[in-house]
Every structure is written in C-alpha cells, then in structure tokens.
Amino acid sequence: MNIYSLTFRDLQYLVALAEFRHFGKAAKSCFVSQPALSSQIKKIEGYFDKTLFERQNKNIFLTPEGVKVVDSVKLLLEDAKKLEELFQVKKNLLSSTLSVGLIQTLSPYYPPFFLKKLKEKYPLLNLTLVDGFTENLLEDLKSGKLDILIASAVFSDSKINTFHLFQEPLYLGVNSEHEFANKPSLSLNDLNAEDMLFLKDGNCLKDEAIDLCPKNRRGNINDIQISNLESLKQMIAYNKCYGIIPAMAADIPSQLQKMMVIKKFKDQNKAYRQISMFIRKDAPRLNDYIAFLEVLEGSNRF
C-alpha cells in the first residue's frame, strides 16, 4: 500500500480517534459507523506497518509512533484547510454588491471596456455605478457609501489607497474653421485659455486642461458652464474655438464630423491624465476590491 491510497477522510478518522480515545464517539463525530471507522484505522496502521493505538479493555492509547503520526497528520490537515479556504475565497469573490464611483468624464466611456469581462468572471456580482464630481465621490468613498472610486485626481490622504490604472491621452477638439484645424503640428505652447472652452467647476478635467496651457496664457478663462464632454464637443463644433478632449471621448458624432476635428499634440507625452482606482485603507472587503482591480488591469484601454 502506498500513501496515495490514503484519503483526507482516512486521516480525519485517525485524528478523531486520537482525540476521543473511543471508537464509538470518534465514529459519531465523523458521521460513520463504528465498524467502518475501525476498518479504516486498521488500513492506516497497515500502511505505516506499526501499531498506532493500544487497546486495553475499553481504553485506547496512542503509541509513541502513533503520537508522531497524529501530530504530522494534524499539520497536514491544517494546511489542507488553509488551501480549501483559499479556494473558497476565490469562489465567493465579488458575489454580493459593489458600488463604484466614476467621475463624470469617465462614467460614459470607461465602463464598456471592463463590464463584459466583469460579468463573465463574476456573474453573481450586483454592480452599481455612480457618477459625479470628484470631491463629492471622495466624500462618499470615505463615508462608506462607495466601495471604490475611479478618478483622475491625486489624493494625499493617509486613509486612501491608490492603484494606478493607466494614463489617458488628452487631445484637442478643434472647430473646423479654426486655424488649428489645418495646422499640421500642434504643441501645448500653442494653447491659449482665452480661446478655449472648459467644463464647469467641479470637473477635474477643467483644472487639467488649464494646466496644459502655458502659464502666461491662463488668464481670462471662458466661464460658460458646460456640464459634460458631449456638450463640450457640440459647443466646439458650433463655435470657432477648441477644448481638451480625453482619448476615450474622442469619437465625434457623425453629424458633427465636418464641424470639428480631433488633434493630437506633437508633445503628446506631456498631455495626459492619470486614471487611478481608490479604496479606503480600512476597507473590510479587500479581496473583492483587489479582484475588481485585476479585472480593470486586464481591460485597460491604453
């Protein structure tokens, strides 16, 4: 007989008898009959070719060899339990609810890149996507209303963990009648805040767009309150101006394609925003959040 003929169930019988020192009680704890347990113990002793238990009248004692074997078996069963728990955790990942906040300039564009894979891998997940301004979403994250935040901001908060996802290029949406539309090469130094349209206050992209302009051209900023990127594209198409458009939002509606163009910068390596995932450091479901992060990392657009 070799060791592979023994099962974990056999080893559990061995430990049970060592603990109860009684065949009837050990059998009951293992939910088997006493004859079945006795038969398996003989099988185990046959494998080791040693007497592991001494039977004296109604009393049962471990032999010195039995003590060594039982101690080793207990360690083996403990390792097996840890392995089982590991697979159980994997099995039950993302099987309940998850609330994910996305800034408004991401929420219409980014989820399509990861939703299919997330659904296929974790079909039991009940997902809620919430959009809003960074400041409000961050407060919801801290208060526990949100489990995860995906944004482009950089937080210096000791209670928040940051996981960088990707760098999204920032392009220029230009009205077709503007001189930039036919300019073969555009630089960030060409930008002038006075000629640009921006999203309204509260959008991180507004600050990021202003920061792309040369410092000496950030003065008189247009204060039109544009609420979203699709409206921004429509305003650019109608007015002789331009504005910053993230790469994921760079598709132009067919009706506007003759009215505006999307231009890349020759110094494009300086024009981007960092998209990151944020969670609380004291998050109680860290395994779930890491599993979600792995899906995002496997679905990155850039």
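Analyst: Tyr110 is buried, as its relative accessible area is 0%; buried means under 20%, exposed over 50% and partly exposed in between, with a 1.4 Å probe and protein chains only. This is a predicted model, in which local features need pLDDT of at least 70, side-chain atom pairs count only at pLDDT 80 or more, and totals for chains, interfaces and linings use all residues. Residues are numbered from 1 along each chain as its sequence is written, and side-chain values use heavy atoms, without hydrogens and water.

User: How are the rings of Tyr110 and Phe114 arranged?

Analyst: A pair of aromatic rings is described by the distance of the centres and the angle of the planes. Rings of Phe, Tyr and Trp (its six-membered ring) pair if their centres lie within 6.5 Å; planes under 30 degrees apart count as stacked, over 60 as edge-to-face and the rest as tilted. For Tyr110 and Phe114 the centres are 5.1 Å apart and the planes lie at 70°, so this pair is edge-to-face.

User: Is Phe114 buried or exposed?

Analyst: Phe114 is buried, with 0% relative accessibility. Phe114 also makes an edge-to-face pair with Phe292, at 5.8 Å between centres and 85° between planes. Phe292 is likewise buried at 0%.

User: Which residues form the aromatic cluster?

Analyst: One cluster is formed by Tyr110, Phe114, Phe166 and Phe292.

User: Which residues of helix α8 are buried?

Analyst: In α8 (residues 229-238), they are Leu229, Leu232, Lys233, Ile236 and Ala237. Helices are DSSP runs (H or I, at least four residues), and strands are runs of E of at least two, numbered from the N terminus.
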